[in-house]
Amino acid sequence: HPIEGVKTIQLWYFMQVLPKEMHFIQTVFDEYLDRQRSDGFIPNHLNPSNFLARSHAFPIVANIATKILDVQGSSDQAKFYLERIIPYLQYWLKISPERSGPHWETALQSLYEDFPIHNLWDKDGYGINARWIESPFLNSLLALECEKCLQIADRFEINISERPWLEDQKKNLLKNIEDSWNIKQKYYAYRDIQTKKTPGKILILKSNGAGNYQLDKQLRYPQRLNIRVVTEPDLSRKVTIEIRGVHKNDEFLETISPRNFTWGTTTGISTTNNIFDNITAINILGIPKESLVEITTSPFSTVDLSMFMPIINRGINQKRLEQMINRWLEREFLDEFGLPLVPKKYQGHRKSHLNWVDFPLNTLLLEGLIDHQQFDLAKNIFSHLMKAVIKNLRSSKNFFKLYDANSGTCSGEYNIINGMIPLRVFLRLLGIHQWTDGEIEFMGSSVFKNEIRIFYRGLSIICSQKGHIIITSTGNKIELKTRNYQKIKIPS
């Protein structure tokens, strides 16, 4: 039953795996919309007792709506969806004195809390508070959501008063993405949402136990700090860190109390609310000498797969797209069984959780690559994902949530939708843009070297690099030799 626990990104991925099951998808999607509050908030999980239900829905709602409407949409349904989705986007994009731009409310809301910048639980994680992170992943998803709303309005000729707002938001989000481009490294970088900088990790203080330290740590430009404390769980309620510093010639004191930390078993992490030009003193209180305190600048210069998500936006700079592909996706990410969470060279050892391949994340990138006609790389990534699934079906006869990029070994829940092959992407690589009960839309030809045959309810389709041949149940043959868009009615 849908209430058992479907996240929005899982619903979107269900469409990728079983694109013809639109009735189920629409039922669950409408259930999400029924939970919407008057301020536009939609829960990130259908089960109200789930922790994720406290945060706003992952920004893929308009994307889901567009695909539902492509198959079985009407003007009235499209209007209803826009009336719900636009307030949902306004909730995401609202600006206030405390909110200078869109950001994840928590690492868990992003659904990818294992990325080092979010990770609060592993020793290699940086655990920066999500409210201070300007994420190219989030900005890309939101820009695409605005674009999808505009596409729905155009397709169904719906006049919406929010059109100027949607166009402005899309433009601003794309500008923020392009402004985050790292010219030297050739990727879209994480930035501090306040300073718009991407600092690395600089050690400010490392100490065992309590103590009062006088410093004169001048920083190259204003930065915020990360505090990591390693202590016994029963001692964590007394930990207090006082940091005195200067910003714009104003001296101030920031106090990090126990409730400001996010605690794992023995480790607590916190990020300062303030940014510092200079740190003049640090006072550590409430911990014994065998406990460790490490204070560093907040390291935004990490690299993970989500930073390449601007590929899903059609407005991305094409030269930069090719640089990301050549420098990173092909050379540093692509492995034997797909794209891992973190580049191979940045992993301490190849058996860590950072080497897992997440199929929904890979599929988002695949859709973007296909939209930008980067067929060779898309074909290679998809083929590597297929290898992971086939390997584990042969050995255990199950689909798994995650697969190791290097060895193909499986991890996590089994027989879960996240571990199944995205059939929609496969069809697009074959040159089949859309397939419904009544018609098939063709766009281009197959990217695969060998012919691939599809059999479905008496219909046979031969897909090749030369085009398509459709053979009906009565033996009639239709040959498509052009790569232009074509729509074929399926005989009943």
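Reader: In this structure, are Arg224 and Asp192 buried or exposed?

Author: In this predicted model, both Arg224 and Asp192 are buried.

Reader: With which residue does Arg224 form a salt bridge?

Author: The general idea comes first. Side chains of opposite charge can pair when their charged atoms come close. Here, Arg224 pairs with Asp192 in a salt bridge, and their closest N and O atoms are 2.6 Å apart. Arg224 sits in the loop between strand E6 and strand E7, while Asp192 belongs to strand E4, so the pair ties together parts that are 32 residues apart in sequence.

Reader: How many salt bridges does a search of the whole structure find?

Author: The search finds 22 salt bridges. One of them joins the side chains of Lys481 and Glu479, at 3.6 Å from N to O. Lys481 counts as exposed because its relative accessible area is 53%, above the 50% cut-off. Glu479, at 46%, is partly exposed.

Reader: Which residues are linked in a network of salt bridges?

Author: Lys67, Arg314, Glu367, Asp371 and Arg428 are linked in such a network. Arg314, Asp371 and Arg428 are also among the residues nearest the centre of the largest pocket.

Terms used: Residues are numbered from 1 along each chain as its sequence is written. This is a predicted model: local features need pLDDT of at least 70, side-chain atom pairs count only at pLDDT 80 or more; totals for chains, interfaces and linings use all residues. Side-chain values use heavy atoms; hydrogens and water are left out. On a 1 Å grid over the protein atoms alone, a cavity is a set of points where a 1.4 Å probe fits but cannot get out, and a pocket is an open set with protein on both sides within 12 Å along at least five of seven lines; lining residues have an atom within 4 Å of a point. A salt bridge is a side-chain nitrogen of Lys or Arg within 4 Å of a carboxyl oxygen of Asp or Glu. Helices (H or I, at least four residues) and strands (E, at least two) are DSSP runs, numbered from the N terminus. Buried means under 20% relative accessible area, exposed over 50%, partly exposed in between (1.4 Å probe, protein chains only).
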